[in-house]
Amino acid sequence: MAAKKSTRNKLTEDESNASRRDFLKKSGLFTALALAPPSLVMASEKKWDEKIAEYLETVPLSLEVNGVKQNLNVEPRTTLLDLLREQLHLTGTKKGCDHGQCGACTVHVNGTRILSCLTLASMQQNAQVTTIEGLSKGKKLHPMQEAFIKNDGFQCGYCTPGQIMSGIACIKEGHANSREEIREYMSGNICRCGAYHNIVDAITEVKEGGMLS
């Protein structure tokens with residue numbers, strides 16, 4: 001009986017201590033708010049603290065995207081894909097696997113195709129970036145875009161921007177000398193609809209027609 005009574009007393013004491021600590025915490029918080037300068041409270045309400053933190057956590061970046069100079073502030077961890085889609089609103093470049101395995105995010109940087117989901121934007125200082133939006137000249141489509149339409153090189157169209165960007169690079173790299181070679185050097189671009197045969201047709205047509213300078 002004595003042991004049970006001792007246990008009850010211990011529990012009551014612990015509960016009392018917990019309530020006291022909770023009271024002190026809340027009292028301290030209310031006191032701090034009451035004594036805080038109005039300017040500090042206003043800054044918190046307007047989230048200036050978050051804006052300052054955001055500014056301090058970004059790095060300046062200058063690059064050219066589709067012929068337009070861009071001067072930006074980006075977080076060091078931001079990928080080129082997220083920069084294009086979220087900050088510049090160029091949503092033609094697609095986010096597929098986000099692991100560099102599907103090719104949907106392919107863009108050209110300084111004339112070379114890269115996977116933008118695996119590329120840090122902050123590392124592209126003074127780079128020239130071309131996305132699917134930068135291929136056409138006004139209403140005039142790029143020859144590869146026209147060839148994809150003519151040869152039905154797509155179905156759902158989600159992977160098409162990456163396929164087109166890779167197809168152009170495939171020719172410029174000198175890797176479009178046969179259908180087998182095209183398949184090999186386009187193997188990093190996945191088409192879940194299975195339009196591979198028509199994609200090869202489109203690239204072959206552009207290559208054989210000498211449509212790329």
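1. Let's start with a term: a disulfide here is a pair of cysteine sulfur atoms within 2.5 Å. Searching the whole structure turns up zero disulfides. Take Cys191: it is in no disulfide, and the nearest cysteine sulfur, that of Cys159, sits 4.0 Å away.

2. A quick word on what you're looking at: this is a predicted model, where local features need pLDDT of at least 70 and side-chain atom pairs count only at pLDDT 80 or more, while totals for chains, interfaces and linings use all residues. Residues are numbered from 1 along each chain as its sequence is written, and side-chain values use heavy atoms, with hydrogens and water left out.

3. Are these cysteines buried or exposed? Buried means under 20% relative accessible area, exposed over 50%, and partly exposed in between (1.4 Å probe, protein chains only). Cys170 is buried, at 0%, and Cys191 is buried too, at 5%.

4. Now look at strand 3, residues 106-109. Strands (E, at least two residues) are DSSP runs, numbered from the N terminus. Thr106 and His108 point one way, Val107 and Val109 the other, and all are buried.

5. What does strand 3 pair with? Two strands pair if DSSP finds at least two bridges between them. Strand 4 (residues 112-115) pairs with strand 3 in the antiparallel sense over four bridges, and two bridges join strand 3 to strand 5 (residues 128-130), also antiparallel. His108 stands opposite Arg113 in strand 4 and opposite Thr130 in strand 5.

6. Last, the hairpin of strand 3 and strand 4: two residues lie between the strands, and Asn110 takes a positive phi near 55 degrees.
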